[in-house]
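Hello,

Please look through them when you have the model open.

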Amino acid sequence: MSRHLAFPIRFSPQGGLRLTADPDQHMRDRILAVLFTARGERVLEPGFGVGVDRLVFEGISATESLRFEIAVGLRRDMGDDFVLEDVEIRPVDESGELGVHIVWRRRTEQALRALEVRL
């Protein structure tokens, strides 16, 4: 059974870094890391990340460019074991939140998985 660092990185009550054995949780953690890491934030990987939290302030008219940036960033930064099937961005409700719906699968499997992130 393989184990992976959990996101966000924090210490477990037993000491040491918190780990997860769930491969789907690990992939969701990696997706969130790509989405919320701003370009230039990682010293040795300045091109890593999308920085969606800063893109929220660009307005609802920029959703197609946001969708494009998310798709490019995920395909670039997730590696060979990840296949992006779809990215959809839509208003959640009258609150002004945006929902980013990501459909993905592992390259070795056909089962689709989805992740919804609210901004």
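The buried residues of helix H1 are His-26, Met-27, Asp-29, Ile-31, Ala-33, Val-34 and Leu-35. Please keep in mind that this is a predicted model. H1 covers residues 23–36, 14 residues in total, and spans 20 Å from its first C-alpha to its last, close to the 20 Å expected.

Asp-29 counts as buried because its relative accessibility is 4%, under the 20% cut-off. Its side chain makes a polar contact with the side chain of Gln-25, at 2.8 Å.

In soluble globular proteins, nonpolar side chains tend to be buried together. Here the largest nonpolar core has 23 residues, and those with the most contacts inside it are Ile-31, Ile-70, Leu-74, Phe-82, Val-100 and Ile-102. Two or more residues each come from H1, helix H3 (63–77) and strands E3 (82–91), E4 (98–106) and E5 (113–118). Leaving aside neighbours within four places in sequence, Ile-102 is in contact with Ile-31 and Leu-35, and also with Leu-74, Leu-84, Asp-86, Arg-113, Ala-114 and Leu-115.

Strand E4 also holds Arg-105. Arg-105 has 16% relative accessibility and therefore counts as buried. Its side chain makes a polar contact with the side chain of Glu-85 at 2.8 Å, and a polar atom of that Arg-105 side chain lies 3.1 Å from the backbone oxygen of Glu-109. With neighbours within four places in sequence left aside, the residues in contact with Arg-105 include Asp-81, Phe-82, Val-83 and Leu-112.

Regards

Conventions
Residues are numbered from 1 along each chain as its sequence is written. This is a predicted model: local features need pLDDT of at least 70, side-chain atom pairs count only at pLDDT 80 or more; totals for chains, interfaces and linings use all residues. Side-chain values use heavy atoms; hydrogens and water are left out. Helices (H or I, at least four residues) and strands (E, at least two) are DSSP runs, numbered from the N terminus. The expected span of a helix is 1.5 Å times one less than its number of residues. Buried means under 20% relative accessible area, exposed over 50%, partly exposed in between (1.4 Å probe, protein chains only). A polar contact is a pair of N or O atoms within 3.5 Å; within protein, one must be able to donate a hydrogen and the other to accept it, and residues adjacent in sequence count only if both atoms are side-chain atoms. A nonpolar core is a set of buried Ala, Val, Leu, Ile, Met, Phe, Trp, Tyr and Cys residues joined through side-chain atoms within 4.5 Å. Contact means heavy atoms within 4.5 Å.
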